[in-house]
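Hi everyone, thanks for coming. Let me put the structure up, and then we'll walk through a few spots together.

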Amino acid sequence: MPALECCVDAVAAAAVFGGGPSGHSFAPDVSLPTPESFPGVPLPTNNPSAFTSISSVAENIHWSPSLSAALYRIDGWGKPYFSVNSSGNISVSPYGTDTLPHQDIDVMKVVKKVSDPISVGGLGLPLPLILRFPDVLKNRLESLQSAFDFSIQSQGYDSHYQGVYPVKCNQDRFVVEDIVKFGSPFRFGLEAGSKPELLLAMSSLCKGNPEALLICNGFKDAEYISLALISRKLALDTVVVMELEEELDLIIDLSRRLSVRPVIGVRAKLRTKHSGHFGTTSGEKGKFGLTTTQILRIVRKLDSVGMLDCLQLLHFHIGSQIPSTDLLTDGVAEAAQIYCELVRLGARMRVIDIGGGLGIDYDGSKSTTSDISVGYTLEEYAASVVRAVRIVCDRKGVRHPVICSESGRAIVSHHSVLVFEAVSARLPTTTSISSLGLQYLVEGLTEEARADYASLSAASIRGEYETCLLHADQLRQRCVDQFKDGSLGMEQLAAFDGLYEFVSKALGVADPVRTYHVNLSIFTSIPDFWGIGQLFPIIPIHRLDQKPEVRGILSDLTCDSDGKIDKFIGGESSLPLHELEGENGGGGRYYLGMFLGGAYEEAIGGLHNLFGGPSVVRITQSDGPYSFAVTRAVQGPSCGDVLRVMQHEPELMFQSLKHRAEEYIHEEDTASLANWLAHSFHNMPYLMAAPSSCCLTAASNPNVNACSFYGSDHRSNYNASAEAAVEDEQWSYICA
């Protein structure tokens, strides 16, 4: 690399006299060979076991949507709901494998309809967005039911499957109501783990199938148990599942007071243990459940008070994300033995509740050893459960029980897509090459630094690349020391930073990974990544007909060093991404989606930096030209909303600021400032694409929620509803 010596001299001067940090560059005098280690979409060097398919895909010059599907493993984790269409956009197949080609929903068209200004036919909702697809939710329920129905029929099982949805996975009103509605034909019920969850489950099931189960889990006090008993008076098939032995006395006492014959279940603490992250609730030292000794004491006490017939359900939970059917079979078989023993002891058992555990393949690897993958299908899961229960019961001569599961993650994960925007990207340091000012730069160095500089030049002539990097690093450190001592200016320090980056890039060892700044709070919208390292598929939702030329990590809006995503499915430490459009990597609209996040993320998310939840849009398949209808659109919490959560009073805060403005600002400017302050309280905390207009947008009106908007109808009632609602807006009195 004989040219490197000239480049070393030139690049250092360039940073002082116009290159790099100042933004003014000179034409280069010489050029360096292109580093061979960066062919466009480089593979991370820290993951030799990454899928080999990435290499072949990334090197392909002729890009296509199918190559993007392979690169991002969409065919692995996305089937049968997500794919890449011919336009390079993500499509949703709302009915899974039964979706017809004209029924696919283009996610980018949805985002455009939802986020475009009202003036051009959009709904004007700000990002980030949660897109809900209830058709996908319905298909998940039907697929789960079909898998168990097929196994029951093919194996000659003499009872039926009757699932419940654990509302803790996503307590959103419309999600729960959809599940009750969609599951009514096959007696699908709900599971609650707290008093507010029980209240919403009771209310929702009033419109459900009368045979649907209401499973009451979690630790209980007298009020919780009383609510559960009252629900039986309301003709709901409620089962109080005991987590603690001490709960039995409350159940006996309160049932007598309320004159209710309870239906009781016990949660068994199995010996079978799930070894993954989600297996901490299983095994003898698990958080929940009763030992066999405790269960025997409960049986004896119920028998002594004439209530043994009330014990009708056995519940257990191996843990979420059960990776293999081998582990599943072991746990179900153990529980089935306990079930048969309870029958032998005189309990009137009828239901075995296998709990959760039906996993999601988040990375498409179908691994049996990963916390984010599973090595089975829905059909294989159901077959393993039915077989294990049938074999044990047949051996013991016990009637086959109703099989119940609490498969919340598997039901709701696919139906929700989080869409957010990359607003800018931090580009790698680039330095133009010039021969000006070298003497001035070198004269400011210490003798040791000048020696390092000379050694760097000599090593570059000899082609000793590792030595070049060593001397460049030593030189940079000496410059840092000089800067701390005050003997070196900021311009010189920046020059040698640029020199080091230049040498690193020339030798092919520079870090090519960029930081993409996204309009999102990870703590609010993807809390499981921060909390437990849970990985979700994150990919661009458009431009997938173009080759992603760079790799990047994602950095959110929060003032927190943990607010970044630097781990991705497949063991990747960066994500293949496209260049942002616009000058300096900003100004273009680049949308990313996080998939399979419909369970837990919304409920667990917090308010770090007072960033509230995203806007939420409900999309159903439609036979119109756009293939979808937006049936519900709700803007996310405003700045005023999140302030109220923390006990602040936005109305009083506004008045205080308005009075301050009247005291310190010219009278003619006060009204305008008051308007902007009002809008600030009303707007979401996230970055806005452009300043909002003086009129409050319809998206901030609660009245808009009940409207129905159709992707095929740009003359929606959204505008009319918005204008009518502005008159009732509680903040309207402060607008000039």
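Let's start with an open sheet of three strands, in the order β1-β2-β3, with antiparallel pairing. The two edge strands are β1 (82–84) and β3 (105–106), since each of them pairs on one side only. A quick word on terms: strands here are DSSP runs of E with at least two residues, helices are runs of H or I with at least four, and both are numbered from the N terminus. Two strands count as paired if DSSP finds at least two bridges between them. For background, strands of a sheet pair through backbone hydrogen bonds, either parallel or antiparallel.

Before I go on, this is a predicted model: local features need pLDDT of at least 70, side-chain atom pairs count only at pLDDT 80 or more, and totals for chains, interfaces and linings use all residues. Residues are numbered from 1 along each chain as its sequence is written, and side-chain values use heavy atoms, with hydrogens and water left out.

Back to the sheet. Strand β2 (residues 90–92) is joined to β3 by two bridges, and the two run antiparallel. If you look across from S91, you find D106 in β3.

Now, a parallel case. Three bridges join strand β5 (residues 164–166) to β6, and these run parallel. P166 has E191 in β6 as its bridge partner. Are the faces of strand β6 (residues 189–192) covered or open? Both are covered: G189 and E191 on one side, and L190 and A192 on the other, are all buried. Buried means under 20% relative accessible area, exposed means over 50%, and partly exposed is in between, using a 1.4 Å probe and protein chains only.

Another buried one is P537, because its relative accessibility is 0%. You'll find P537 in the loop between α20 (527–532) and β15 (538–540). P537 and G364 are 173 residues apart in sequence, yet 9.4 Å apart in space, C-alpha to C-alpha.

Okay, salt bridges. How many does a search of the whole structure find? It finds 30, where a salt bridge is a side-chain nitrogen of Lys or Arg within 4 Å of a carboxyl oxygen of Asp or Glu.

One of them is E211 with R187, the closest N and O atoms being 3.5 Å apart. E211 lies in the loop between α8 (195–205) and β7 (213–216) and R187 in the loop between α7 (173–183) and β6, so this pair ties together parts 24 residues apart in sequence. E211 is partly exposed at 45% relative accessibility, and R187 is partly exposed at 24%.

Then there's E579 with R514, where the closest N and O atoms are 2.6 Å apart. This pair links distant parts of the chain, 65 residues apart: E579 is in the loop between β18 (575–577) and β19 (586–594), and R514 is in strand β14 (residues 513–518). Why does R514 count as buried? Because its relative accessible area is 13%. E579, at 34%, counts as partly exposed.

Also on the list is E651 with R644, at 2.7 Å between the closest N and O atoms. Salt bridges that share partners also join R73, R551 and E572 into one network.

Last stop: helix α23 (residues 650–664) is where E662 sits. E662 is partly exposed, because its relative accessibility is 45%.
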